[in-house]
Amino acid sequence: MQRPLFDASPAPPPREGRTVLEFFAGVGLARMGFERAGWEVVLANDMAADKKELYEGHFGPSPHYLLDDIHELAEQPDQVPTAMLAHASFPCTDLSLAGARRGINQGQSSAFWGFMHLLENLGERRPPLLLIENVTGLLTSHSGADFQSLLTAMNGQGYAVDAVVLDAACFVPQSRPRLFVLGVRSPARGSDDIAALQPSALRPKNLIAAMQAAPGVAWTLSAPPDPPERGRVKLDEILDHPQDDSPEWWSRERADYLLNQMSDRHRETADRMIAGKRWSYGTVFRRVRNGKSMAELRTDGIAGCLRTPKGGSGRQILFQAGHGEHKVRLLNANECARLMGADGYRVTTRLNQALFGFGDAVCVDAVAWLAEHWLEPHAAALKAAAT
């Protein structure tokens with residue numbers, strides 16, 4: 001790396017009462033975000049043993065990490081401690097294009113209902129705050145019906161709701177817009193005037209349209225500040241620079257093959273980069289277009305959204321060019337960690353396992369920002385109301 005991009009200082013001590021239940025915890029990036037904002041994770045839960053292995057490789061032994069299916073855990077509420085906040089980043093598989101948009105009631109994404117069932121079984125021990133994260137495709141899944149079902153289910157558990165869209169690119173050089181839905185029990189602040197919402201950095205037009213299309217929902221709307229400007233950190237600032245003879249670099253034949261997979265438009269961009277008098281960088285994903293594998297080059301200083309590398313197709317490729325040359329390699333685990341705001345994450349497993357964990361996670365900086373600017377005012381108001 002050319003310079004440190006992220007705050008490497010120790011996390012502050014937890015603020016009084018700021019405790020978190022982390023469901024679908026994965027490799028712990030949400031935990032890192034909460035800890036940066038002074039919140040303490042008192043329970044983590046996931047059913048993927050390989051993700052727990054990564055989690056403990058970084059954080060050390062974690063007896064608070066329960067390896068269990070959310071549907072099974074829902075029947076054991078006594079295992080869940082009392083906390084102020086429950087965070088749930090439930091599987092997006094069936095809400096994305098890759099998952100054929102089967103929706104919230106099918107496949108892995110139906111785990112949301114296991115989470116709701118757990119809240120129901122917690123009874124009066126339900127946390128005062130919820131934060132739910134998923135892909136923005138949830139807004140349009142089944143023509144908006146899935147989003148409305150989620151909001152109605154949260155209302156049914158006693159939570160008034162709010163929603164924002166926040167892109168990781170506000171903090172790190174990765175395009176990763178995500179939907180965050182907040183739930184507040186017995187809200188002490190906020191408005192329910194959904195008709196008055198205006199487009200903003202956190203509430204784009206499509207989100208407002210989806211919110212206004214949800215009839216009968218109980219809202220608690222607040223106005224957090226605008227996030228940092230998108231793209232303030234560039235891709236080249238998070239890259240490692242292996243030696244020319246490093247085995248990370250692809251062979252000339254393989255690099256040329258990737259170049260020849262580009263469309264005319266992308267190839268023109270690549271050729272300009274190659275002809276440049278300095279090194280420049282882009283990222284590439286292979287995608288199938290009209291039955292043909294194509295290499296799509298992105299050169300705006302922001303990487304594409306990290307994905308889980310199922311079958312290897314989801315691994316992001318670095319394209320480095322200049323001085324009449326081009327070089328190609330895969331992004332490594334440390335670079336992917338930086339793209340998620342997790343610089344310094346200790347990777348103790350095989351590469352693909354780490355890439356799967358990062359591709360299935362939440363950006364650390366996004367969680368920390370939301371905890372500070374969106375959750376904390378609600379937490380403070382709830383605490384004041386209880387005293």
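Predicted model: local features only at pLDDT ≥ 70, side-chain atom pairs only at ≥ 80, totals over all residues.
Biologist: What makes α4 and α5 roughly parallel or antiparallel?

Modeller: Helices are DSSP runs of H or I, at least four residues; strands are runs of E, at least two; both are numbered from the N terminus. Axes are lines fitted to C-alpha atoms, for helices over the stretch in contact, and angles run from 0 to 180 degrees between N-to-C directions. Helix α4 (residues 111–122) and helix α5 (residues 145–156) cross at roughly 10°, and their axes come within 11 Å. Under 35 degrees counts as roughly parallel, over 145 as roughly antiparallel, 65 to 115 as roughly perpendicular and the rest as oblique. Therefore α4 is roughly parallel to α5.

Biologist: Which residues in α4 and α5 meet?

Modeller: Contact means heavy atoms within 4.5 Å. F112, W113 and M116 in α4 meet S149, L150, A153 and M154 in α5. The residues of this contact divide into 6 nonpolar, 1 polar and no charged. Nonpolar covers Ala, Val, Leu, Ile, Met, Phe, Trp, Tyr, Cys and Pro; charged covers Asp, Glu, Lys and Arg; the others, Gly among them, are polar.

Biologist: How are α1 and α2 packed?

Modeller: Helix α1 (residues 29–36) and α2 pack at an angle of about 35°, with axes 11 Å apart. R31, M32 and E35 of α1 touch Y55, H58 and F59 of α2. That contact divides into 3 nonpolar, 1 polar and 2 charged residues.

Biologist: Why do β3 and β6 stand at the edges?

Modeller: The open sheet of 7 strands has the order β3-β2-β1-β4-β5-β7-β6, with mixed pairing. β3 (65–67) and β6 (159–167) each have a single partner strand, so one side of each is left without a neighbour in the sheet.

Biologist: How do you know that β2 and β3 pair, and over how many bridges?

Modeller: Two strands pair if DSSP finds at least two bridges between them. Strand β2 (residues 40–46) and β3 run parallel and are joined by 3 bridges.

Biologist: What makes β7 largely enclosed?

Modeller: Buried means under 20% relative accessible area, exposed over 50%, partly exposed in between (1.4 Å probe, protein chains only). In strand β7 (residues 177–185), 8 of the 9 residues are buried, so the rest of the structure largely encloses it.

Biologist: Why is the pair of Y55 and Y65 called edge-to-face?

Modeller: Rings of Phe, Tyr and Trp (its six-membered ring) pair if their centres lie within 6.5 Å; planes under 30 degrees apart count as stacked, over 60 as edge-to-face and the rest as tilted. Y55 and Y65 lie 4.6 Å centre to centre, with 75° between the planes. Y55 sits in helix α2 (residues 49–59) and Y65 in strand β3.

Biologist: Are Y55 and Y65 buried or exposed?

Modeller: Y55 has 0% relative accessibility, so Y55 counts as buried. Y65 is buried too, at 3%.

Note on methods. Residues numbered from 1 in each chain as written. Heavy atoms only, no water.
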